[in-house]
Amino acid sequence: AGRLAQWERDGVEAIPLVQPRRVFRRWLERNQPTACEARLQAFQPNIIIVAVGGDRMYPGDGWEIKQRLTTLAKAGGARVVILHQLSEAGQWVEPGPGNDRWLAWQRSADWHQFVSESTWREAEANFGFSLPGEVIRNNYNVPYHQPPAWPEGRLLRLAFVGRFRIYQKGLDLLLDAVTQPELRLRSDWRLSLVGGGALQPRIEAEVGRRGLGDKITVRGHTSDVAGIWREHQLLIMPSRAEGLSLSLCEAMLCERPAIATLVGGTRDLLVEGETGFGAQLDAASIAAAIIKALDAHRTGRLADLGRAAGLRARAVFSPHPERAYIAQLMALLQRTLST
């Protein structure tokens with residue numbers, strides 16, 4: 001909200017179409033034409049970009065409203081772009097009336113944008129058809145060229161950074177991994193869980209129940225991401241699904257290697273043994289990767305992996321991803337106006 005307000009002060013015109021309230025949504029679905037549609041018709045966009053989150057249709061998530069708006073915009077001559085932020089391999093869309101409408105909407109779009117190459121490939125496999133489009137890069141909240149100093153010390157300090165969504169982020173797998181005897185009995189590591197959310201009290205209780213209070217600290221959300229990496233040497237990210245993790249991008253720009261499950265866009269960034277350590281979706285594999293990192297830290301090699309991670313991140317992400325995205329939109333607009 002703060003950034004949007006700054007854009008408006010800088011002269012960007014923002015026209016709210018939908019308020020995220022259930023009562024308004026029900027009203028919107030009952031009324032034809034709606035105030036939202038009337039505003040869209042008056043604006044007459046050349047391009048309409050709609051974010052869908054994942055590549056599955058969930059009843060009640062509001063996608064029907066997005067479909068109506070894009071259909072209306074397309075009837076007025078606009079090009080429709082669908083932005084995909086998350087994918088999960090093997091989630092093939094099953095046939096059925098609702099899913100068939102969802103797939104028809106996806107196929108009707110003129111262009112698609114993805115946050116990683118892997119997300120693009122997975123979405124095409126899940127839908128069963130090719131999607132014309134391009135990869136875009138997220139913005140980030142750490143300096144591009146000024147990584148924090150490497151934290152010295154015998155202890156390996158790991159950090160999980162992200163909202164506490166248990167299944168998607170794999171926090172259950174992480175707790176199972178560090179409960180393994182080969183890690184539980186070691187004294188040379190500490191773990192911070194940083195992110196917050198409704199499940200934070202439950203996670204704090206679970207850490208205590210497992211007898212890990214001496215090893216694990218649970219923290220809420222922080223806007224000082226670079227501050228996390230002034231205290232920690234290694235990101236741990238046991239996700240079951242990712243588009244392209246902002247936490248991974250920011251950690252690598254801070255020259256911190258990662259332990260991560262090789263899902264989604266993580267495969268586009270993490271190079272085994274060079275910028276971090278990959279793991280499979282099970283506690284034993286995650287525990288084995290942590291032990292590899294402990295060995296690398298003991299021999300001083302982990303800092304070298306961090307420097308390689310920074311080089312890899314800066315090869316993938318530009319210093320100004322928002323400018324790169326605007327350039328992509330302008331190229332799309334030029335193509336739209338020339339046809």
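Trainee: Which strands does helix α16 lie across, and at what angle to β1 does the helix run?

Mentor: In this predicted model, helix α16 (residues 321-337) lies across β1, β2, β3 and β4. Its direction is at about 130 degrees to β1.

Trainee: What is the order of the strands in that open sheet?

Mentor: Strands of a sheet pair through backbone hydrogen bonds, either parallel or antiparallel. Here four strands run in the order β1-β2-β3-β4, with parallel pairing. On average, neighbouring strands are turned by 20 degrees against each other, direction ignored.

Trainee: How many bridges join β2 and β3?

Mentor: Strand β2 (residues 79-84) pairs with strand β3 (residues 111-114) over four bridges, in the parallel sense. Leu83 has Gln113 in β3 as its bridge partner.

Trainee: Which strands does helix α4 touch?

Mentor: Helix α4 (residues 63-75) packs on the sheet and touches β1 and β2. The direction of α4 makes about 160 degrees with that of β1.

Trainee: How should I read the packing of α12 with α15, and why is α12 called oblique to α15?

Mentor: Start from the angle. Helix α12 (residues 246-253) packs with helix α15 (residues 302-316) at about 120 degrees, their axes 7 Å apart. Roughly perpendicular covers 65 to 115 degrees and roughly antiparallel means over 145, so α12 counts as oblique to α15. On the α12 side the contact is made by Cys249, Met252 and Leu253, and on the α15 side by Ala309, Gly310, Arg312, Ala313 and Arg314.

Trainee: What kinds of residue make up that contact?

Mentor: Five are nonpolar, one is polar and two are charged.

Definitions and conventions: Residues are numbered from 1 along each chain as its sequence is written. This is a predicted model: local features need pLDDT of at least 70, side-chain atom pairs count only at pLDDT 80 or more; totals for chains, interfaces and linings use all residues. Side-chain values use heavy atoms; hydrogens and water are left out. Axes are lines fitted to C-alpha atoms, for helices over the stretch in contact, and angles run from 0 to 180 degrees between N-to-C directions. Helices (H or I, at least four residues) and strands (E, at least two) are DSSP runs, numbered from the N terminus. Angles under 35 degrees count as roughly parallel, over 145 as roughly antiparallel, 65 to 115 as roughly perpendicular and the rest as oblique. Contact means heavy atoms within 4.5 Å. Ala, Val, Leu, Ile, Met, Phe, Trp, Tyr, Cys and Pro count as nonpolar, Asp, Glu, Lys and Arg as charged, and the others, Gly among them, as polar. Two strands pair if DSSP finds at least two bridges between them.
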